[in-house]
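Please read the following briefing alongside the sequence and the 3D structure.

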Amino acid sequence: MTASIGVDARLALDLALTIRHDGHGGVADDLATAEGLTAWVRERPETGAHGFEADDTDLAAVRDVRAAVRALFARAVLPGEPSPADAARLMPVPDAVERLNTRAALTPTVPVLSWTEGADPVVRQEPAHGDAELTAALARAAIAFLASPDRQRLRACHAPRCVRYFLKDHPRQEWCKPSCGNRARVARHHERHKKTA
C-alpha cells in the first residue's frame, strides 16, 4: 500500500527533512548557508521562487518557518515521540502556529481555475502579483498539509541516529526507510545479547 503524496505534503516534508542525520552520528542542516537554501529552492519549482538567490535574511526566514513546521510535526505525531533532533528545543505550539499564519499571509493569492478536457475542474491559488514569496509558499504548504488527512500518516522515525519525519505508507511501517529498519533491528539484537551476556 503506497499512498500518493500531495505537493503541499511533499514540500512541507522536504522542508522538515533539511535537518537530517549526517552519517557520522550527528545532525546535518541542508540550510546551514544561503547557498544551501538557494540549491534547495532551485530543486523545487513548486515553491514558485524562480531564479531565486538566497541571502542571509531569506535563510533566517526559511529556517524560522522550518522550526515552526518541525514543532507542529512534533505535535502531529503525538502521542508518539518527536524527532530526536527536536525533542529538547521545540518552539511552543502557539508560537509555531502564529509564525506559519504570519508568513502565509505575506503574499496575497487569487484562485485560478483550470479545466482540461476530460478532467474535473481544479482550483489552485496563485500569487496575486505573480511572484510568491518563498516563506509564504512554504508556510502555506505546511498549513495545507497539517490540515489535510495526510497529517494522520505523519510519524517520526526512531531508528538509531535518525531524525526524519515520514508519511506512513503501510500499517506495519515503523521507519522512514529500510536502512533505518535494519539499524533498529541490529540495535535491538545487540541490546538483547548484551542483557543475556
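Thr135 is buried, because its relative accessible area is 2%, where buried means under 20% relative accessible area, exposed over 50% and partly exposed in between (1.4 Å probe, protein chains only). The model is a predicted one, in which local features need pLDDT of at least 70 and side-chain atom pairs count only at pLDDT 80 or more, while totals for chains, interfaces and linings use all residues. Residues are numbered from 1 along each chain as its sequence is written, and side-chain values use heavy atoms, with hydrogens and water left out.

**Surroundings of Thr135**

- Thr135 lies in helix 5; helices (H or I, at least four residues) and strands (E, at least two) are DSSP runs, numbered from the N terminus.
- Not counting residues up to four places away in sequence, Thr135 touches Ala61, Val62, Val65, Arg103 and Leu106, a contact being heavy atoms within 4.5 Å.
- The side chains of Thr135 and Glu133 are joined by a polar contact of 2.6 Å. A polar contact is a pair of N or O atoms within 3.5 Å; within protein, one must be able to donate a hydrogen and the other to accept it, and residues adjacent in sequence count only if both atoms are side-chain atoms.
- Thr107 is 28 residues from Thr135 along the chain, and the C-alpha atoms of the two are separated by 9.2 Å.

**Overall architecture**

- The protein contains six helices and six strands, which follow the pattern α-β-β-α-α-α-β-β-α-β-β-α when read along the sequence.
- Taken along the principal axes, the C-alpha atoms fill a box of roughly 70 × 45 × 30 Å.
- Of the 197 residues in the protein, 39% are buried.
- Among contacts with a separation of 6 or more, 57% are accounted for by residues 24 or more positions apart.

**Helix 3**

- The 21 residues of helix 3 should span 30 Å at 1.5 Å a residue, and its end C-alpha atoms are 30 Å apart, which agrees; the expected span is 1.5 Å times one less than the number of residues.
- Asp55 caps the N-terminal end of helix 3, with a side-chain oxygen 3.0 Å from the backbone nitrogen of Thr57.
- The buried residues of helix 3 include Ala61, Val62 and Val65, as well as Arg66, Arg70 and Phe73.

**Aromatic cluster**

- A search of the whole structure finds two aromatic pairs; rings of Phe, Tyr and Trp (its six-membered ring) pair if their centres lie within 6.5 Å, and planes under 30 degrees apart count as stacked, over 60 as edge-to-face and the rest as tilted.
- The rings of Phe73 and Phe145 are edge-to-face, because their centres are 5.5 Å apart and their planes stand at 65°.
- This pair links distant parts of the chain, with Phe73 in helix 3 (residues 56–76) and Phe145 in helix 5 (residues 134–146), 72 residues apart.
- The rings of Phe73 and Tyr165 have their centres 5.4 Å apart and their planes at 80°, so this pair is edge-to-face.
- Because Phe73 lies in helix 3 and Tyr165 in strand 6 (residues 165–167), the pair ties together parts that are 92 residues apart in sequence.
- Phe73, Phe145 and Tyr165 form one aromatic cluster, and they are buried, with relative accessible areas of 0% for Phe73, 1% for Phe145 and 1% for Tyr165.

**Nonpolar cores**

- In the largest nonpolar core, which has 39 residues, Leu37, Phe73 and Leu100 touch the most other members; such a core is a set of buried Ala, Val, Leu, Ile, Met, Phe, Trp, Tyr and Cys residues joined through side-chain atoms within 4.5 Å.
- The elements that give two or more residues to this core are helices 1 to 5, strand 5 (154–156) and strand 6, and helix 3 supplies the largest share, nine residues.
- Leaving aside neighbours within four places in sequence, Leu100 is in contact with residues including Val65, Leu72, Ala139 and Leu146.
- A second, separate core of eight residues includes Ala159, Phe166, Cys176 and Ala184.

- Arg44 is found in the loop between helix 2 and helix 3, and counts as buried at 13% relative accessibility.
- The side chain of Arg44 makes a polar contact with that of Glu43 (3.4 Å).
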